[in-house]
Amino acid sequence: MARKRKKRIILTGGGTAGHVTPNIALMPELKKKGFDIRYIGSYNGIEKEMIETLGVPYYGISSGKLRRYFDLKNFTDPFRIIKGYFEARLLMSKLKPSVVFSKGGFVTVPVVLAAKHKKIPVIIHESDMTPGLADKLALPSASKVCCNFPETLKYLPDGKAVLTGSPIRQELFSGDKAKGLEFCGFNEEKPVLLIMGGSLGSVAINNAVRGSLDKLLETFQIAHLCGKGNLDESLTDKEGYAQFEFVSDELTDLFACTDMMISRAGANAICEILALRKPNVLIPLSAAASRGDQILNAGSFEKQGYSYVIQEEDVTDKTLLDAVDEVFTNKDKYIEAMNKSDLADPIGTIMGLITKLAK
């Protein structure tokens, strides 16, 4: 008797780490359930290194970006996308997956369309409040669409939308508080305030934090992830203040010793904050520098009582201090609201959809 072939899943997503880490978060459970995992991304995107490091077979395809503004690449990228579509079709024929899970980014559009052509079920995960252009193009080809926010359901096709929350890497919950304090050179006498401004950092957040640093240090020890090239050498030996361009392996320990956070409002970042139940101040990327998705994300979390929000244009030393004081004084209220969240088991809910469609 021929041996039964393992169920195979293709994961896809790329362009930013936020389009990759939720896929990585699903992998341990997928392996536990017996899935053979393959990954499709762009030839040389950030996703390639992140996935190959994990030993998961990786396949690169041609990828282009669809822009709503004039750019000379608008004349060449459609051909890259078409090439990527035919490459993805060949991969579907070769790999014969039972199901495809797409986390977003423009590289996923040809993958999703190719899966639809081959009659392979597709699950899309939309992180932000409103679907981005890539997911809008992919939605008609999806069997199910997962989302993070109750408000998103109205933007998604009836019968396909499922409120799941975002898959969170389980290692985020396994940090060591003592190691986190030691890494920063902190003690247990004062609470820890963690500031995260995104991988590139935020000038507005960095300036406001450093402008109000002495006042903040009266209450907190501060771990500041300020972004590449944004270290302030004059503050290197400031007691109670530890600054890093970014943190990788030590991040879980840093989360474990953190009592409160100031963060951007990217969908994955705030879902991690919610999962970790950290009282927080959110400072979303401005509409001038984005399509405004972070503003909507932050607004939803504020409405649900999880977060205090300051718009980037309103960030000053004073508004930051007032926000931190408000949240820390009423931290129990914010934690209680987060404890009532319905998004208790994103991985379990999504795995249920994957397993059902893979049959």
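**Exercise 1.** State the strand order of the open sheet of six strands and how its strands pair.

*Solution.* The order in this open sheet is β10-β9-β8-β11-β12-β13, and the pairing is parallel. Strands β10 (241–244) and β13 (308–309) stand at the edges with a single partner strand each, so one side of each has no neighbour in the sheet. Here strands are DSSP runs of E with at least two residues, helices are runs of H or I with at least four, and both are numbered from the N terminus. Two strands pair if DSSP finds at least two bridges between them.

The model is predicted: local features need pLDDT of at least 70, side-chain atom pairs count only at pLDDT 80 or more, and totals for chains, interfaces and linings use all residues. Residues are numbered from 1 along each chain as its sequence is written, and side-chain values use heavy atoms, with hydrogens and water left out.

**Exercise 2.** Find how many bridges join β8 to β9, and the bridge partner of Val-192.

*Solution.* Strand β8 covers residues 192–196 and strand β9 residues 221–225. The two run parallel and are joined by five bridges. Val-192 has Gln-221 in β9 as its bridge partner.

**Exercise 3.** Describe the largest cavity and its lining.

*Solution.* Step one is the search: one cavity of 30 Å³ or more is found in the whole structure. A cavity is a set of points, on a 1 Å grid over the protein atoms alone, where a 1.4 Å probe fits but cannot get out; lining residues have an atom within 4 Å of a point. Step two is the volume, the space filled by probe spheres set on the points. The largest cavity holds about 50 Å³.

Step three is the lining, which consists of Thr-21, Pro-22, Ser-166, Pro-167, Ile-168, Arg-169, Asn-268 and Glu-272. Helices α1 (21–32) and α10 (267–276) each supply at least two of the lining residues.

**Exercise 4.** Locate Lys-83, decide whether Lys-83 is buried, partly exposed or exposed, and name the residues that Lys-83 touches.

*Solution.* Lys-83 lies in helix α3 (residues 77–95). Its relative accessible area is 45%, which makes Lys-83 partly exposed, because buried means under 20%, exposed over 50%, and partly exposed in between (1.4 Å probe, protein chains only). Leaving out residues up to four places away in sequence, Lys-83 touches Tyr-43 and Ser-62; contact means heavy atoms within 4.5 Å.

Definitions and conventions: On a 1 Å grid over the protein atoms alone, a cavity is a set of points where a 1.4 Å probe fits but cannot get out, and a pocket is an open set with protein on both sides within 12 Å along at least five of seven lines; lining residues have an atom within 4 Å of a point.
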